[in-house]
Amino acid sequence: MYELDHIYYGYDGKTVIEDVSLNFEAGHFYGILGPNGSGKTTLLDLLSGHLRPHGGQIRLDGRQMASYSRKALARRIALVPQDYRINFPYTCGEVLMMGRYPHLPRFSHPTDRDHAVVAEVIEQTGLSAFADRYVDRLSGGERQRVVFARGLAQATDILLLDEATASLDIQHAIALLNLADRRVGQGGTVIAVFQDINLAALYCDRWVCLRQGRLVCAGPTADVLTAATLRAVFDVSAQVVHQPFCGARQVCLNKEVA
Amino acid sequence: MVTAALNSKRDSCLRFQRLPIGLLLLVLALLLAIEIVLSTGSGFIQVSYADVVRIFVARLSGVEGLIAHLDELAPVVVSEVRLPRIMAAAVVGCGLAVSGVVFQGILLNPLADPYTLGVSSGAAFGAAMALWLNLAVMGAWSVPLFAFAGAVGTLLVVIWLTASSGDLSSASLILSGIIVAAILSAGVSFLKYLAGEEVGIIIFWLMGSFASKTWIEVGMVAAVVGAGLTISLFFGRDLNLLALGGRTAGSLGVSPARLSMVMLVSASLMAAACVAVSGIIGFVGLLVPHMVRFITGPDHRRLIPVAALAGACLLLLADTVTRAMLPQEVPIGVITALIGGPFFCVIYRRRQRHRQD
């Protein structure tokens, strides 16, 4: 689906992404991991089309990213950012409806289908009680759920999550990631930046590890998620064990740092 | 108990916000029309409201027979003296309100107003320059033209200054605006000092007035405000997305940098045209968006058209009060600040209290 060919990105003489070549295939849950400042968010911005690479090429379904209009990209790719500030007193329902804008001509009213999609997402995300409330009066975690739901309401086949559950309690994080996972089951693709290694191990069937803007390794989680990888990427000592309880590999850390 | 009360308050507010937009606009348009007739009738020479309507109809349809029975003075007073002033007040009110909505929407700052980028200081400097030099080159046009040029020049400098920091972020725009405005205010003070005994003219211009506006001036400001309003309405939906942040707006199909630039320039030009014809009228651009947002909610597709009409109604009301009701004409800029300031304090306190709930 995505083909990244020797991508380079930098500003002010500082390299953020250096010589990354990578393919993303449809129907997988990708986790992007790496230490702070390793270029994870920049990589997502390049994939969303928000940033253009300064070198190399990104193709989406064989076509150059630059050849798509912003509107066309917005119908295929949704981004859930980490930042959940919303400055004006929109209701949650209104914010979710903004996710439908790319599907609607500029001056037209939402169709029945748009209302149905929004209603379904509100139901799935458990936000029914919030639909008529003002977003700027919600707590940070509640607002983060609204922002996540807005991304789902965009109903795209590619969903980019930028630490989208970082400020949520674990119950809501799991509930929302389950919804993202369901999209993958239906043929969609999720590419998510994670800080939490174990959540990433639980949900992602593909891992991409970055360090200082370079690709360290990428591939099926079973191959990539090893103690050696974690040492190479994060400089930590870890034990990676398959946990029957959750049906995935999980990471156990000790206090040692390099 | 408390939560229930709060929720019901919220609901009543929402019901308010779900009023059909067409109904709101119709009510405001009717209000504006009534205000225009009432305002035209009142003043030093009283003209009955029926006669005002007759004169309107006669002028618009060309059937002069309708007003044949009237005193010769009335039609002249109405169509050459009062109406241009009234239309100027309405158009400027509309322009300042829409410009304020756009500035608050782009800068994501509810305290932004049409003058945030120093447009008013630039216009003041240009006008003061023309008044001080006593420029008569372009006749009556020299002051508005200099004011407009000053405002546009300031806008360009502010954008240039901001662009050098790499992006069009809210903080750097506001900061650049403050820097440039501070320099220009010093320039205006210097011109006032140089003007010596003539300083009164400059001071009076700065306070704003709609007295002795001509149809040509109305036409010019209406053209700029009309264009700005059309552009703002066109991009209304895109403005909503900016509230979600630049990255998210980008992922929803809008180029945040390009949108900000287009809207900043058109809103500033609207403000510049308004200041050029009427002087500096504060608080309309700050207050009207707040009041209207309370009724329509923050959705710019509703907010912009309603604010346009509400701004026109309010400024016309203020100008009518100062022209026809007060014993002595008070500069309109002083009126709007005197009424708007305390009102803003009330809104602000209320908002802060809501926050704490």
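This is a predicted model: local features need pLDDT of at least 70, side-chain atom pairs count only at pLDDT 80 or more; totals for chains, interfaces and linings use all residues.
I started at Gly62(B), which takes a positive phi of about 85° just after helix 3 of chain B. Helices here are DSSP runs of H or I with at least four residues, strands are E runs of at least two, and both are numbered from the N terminus.

Residues are numbered from 1 along each chain as its sequence is written, while chains are lettered from A and ligands numbered from 1 in the order in which they are written.

Next I looked up which residues of helix 3 of chain B are buried (20 or more other C-beta atoms within 10 Å of the residue's own; exposed means 12 or fewer, partly exposed in between, with C-beta atoms placed from the backbone). I found Asp51(B), Val52(B), Arg54(B) and Ile55(B). They sit on the same side of helix 3 of chain B because they cover an arc of only 160° around the axis, taken from the directions from the helix axis to the C-beta atoms. On the other side I noted Ala50(B), Leu60(B) and Ser61(B) as exposed. The buried residues pack against helix 2 (21–41) and helix 4 (73–107) of chain B.

Then I turned to the contact (C-beta atoms, placed from the backbone, within 7 Å). It takes 24 residues from chain A and 19 residues from chain B. On chain A, the elements giving two or more residues are helix 1 (40–48), helix 2 (70–76), strand 6 (77–80) and helix 3 (92–98).

Note on methods. Two residues are in contact if their C-beta atoms, placed from the backbone, lie within 7 Å.
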